[in-house]
Amino acid sequence: MEVILLERVEKLGQMGDVVKVKPGFARNYLLPREKALRATDANKKRFESQRAQLEAENLKLREEADAVAKKMEGLSVILIRQAGEAGQLYGSVNARDIAAEITAAGFTVARSQVNLVHPIKTLGLFDLSVSLHPEVTVTVTANVARTTEEAHTQAETGKAVVGEEEDETPYEMEAVFDPNAEEGEAEEGEAASADAGEEETAE
């Protein structure tokens, strides 16, 4: 299907471009979200008659998005979640959660603006792209931690705060002594050897 793009669409084209896309992508994404029009002769004429106005509106929105992006630069939001010692969350953090924290920080965004392919399932720092406009994105850090104190530590060190791994190296003495031997068994063995030695000496 051919469509006329009404805004920049990543990996597809710029405003005003006529591009071919799969019918399902057009029907389910581009057309319902008003990102494109069917490339009929009537729509092509309609777009050309409104091109100057659409481009002016797009420029204004992009400038506003640029201004917001500058204010959001370096923004980090903290999300407190329960997790195991290895850092695995008891649940996950999704785009809706992050959008809510960004909004709470003073910048209203929808979950659809947060580019998160898969939910976050571990503690740590995650840099995410947030779309403020088809031509403007900003990076926001999601700081997922068990407590506010650990979140501050993660921000300072740049590393997830997780429990220390247990030392799996076998205790060296286990190579010398039989760990399954019952208490006193070794002493009895040593005593028997000593008695046998005394008897041999007496003969």
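The pLDDT is the predictor's confidence in each residue, on a scale from 0 to 100, and in this predicted model the protein averages a pLDDT of 85, with 80% of the residues scoring at least 70. Local features are described here where pLDDT is at least 70 and side-chain atom pairs count only at pLDDT 80 or more, whereas totals for chains, interfaces and linings use all residues. Residues are numbered from 1 along each chain as its sequence is written, and side-chain values use heavy atoms, with hydrogens and water left out.

Helices (H or I, at least four residues) and strands (E, at least two) are DSSP runs numbered from the N terminus, and two strands pair if DSSP finds at least two bridges between them. Four strands form an open sheet in the order S4-S9-S8-S6, with mixed pairing. Strand S4 (76-80) and strand S6 (114-115) stand at the edges, each with a single partner strand, so one side of each is left without a neighbour in the sheet. S4 runs parallel to strand S9 (residues 136-145), to which five bridges join S4, and Leu79 has Val144 as its bridge partner in S9.

Two helices accompany these strands. Helix H3 (residues 95-104) packs on the sheet and touches S4, S6, strand S8 (124-133) and S9, where a contact means heavy atoms within 4.5 Å; the direction of H3 makes about 125 degrees with that of S4. Helix H4 (residues 148-157) lies across S4, S8 and S9, running at about 125 degrees to S9. Such angles run from 0 to 180 degrees between N-to-C directions, the axes being lines fitted to C-alpha atoms, for helices over the stretch in contact.

A nonpolar core is a set of buried Ala, Val, Leu, Ile, Met, Phe, Trp, Tyr and Cys residues joined through side-chain atoms within 4.5 Å, buried meaning under 20% relative accessible area, exposed over 50%, and partly exposed in between (1.4 Å probe, protein chains only). The largest such core has 27 residues, of which Met72, Ile98, Ile102 and Leu132 touch the most other members. Helix H2 (41-72), S4, strand S5 (88-93), H3, S8 and S9 each supply at least two residues of this core, and S9 gives the most, with five.

Lys11, in the loop between strand S1 (2-5) and strand S2 (18-20), has a positive phi of about 65 degrees although it is not a glycine, and Lys11 counts as exposed at 82% relative accessibility.
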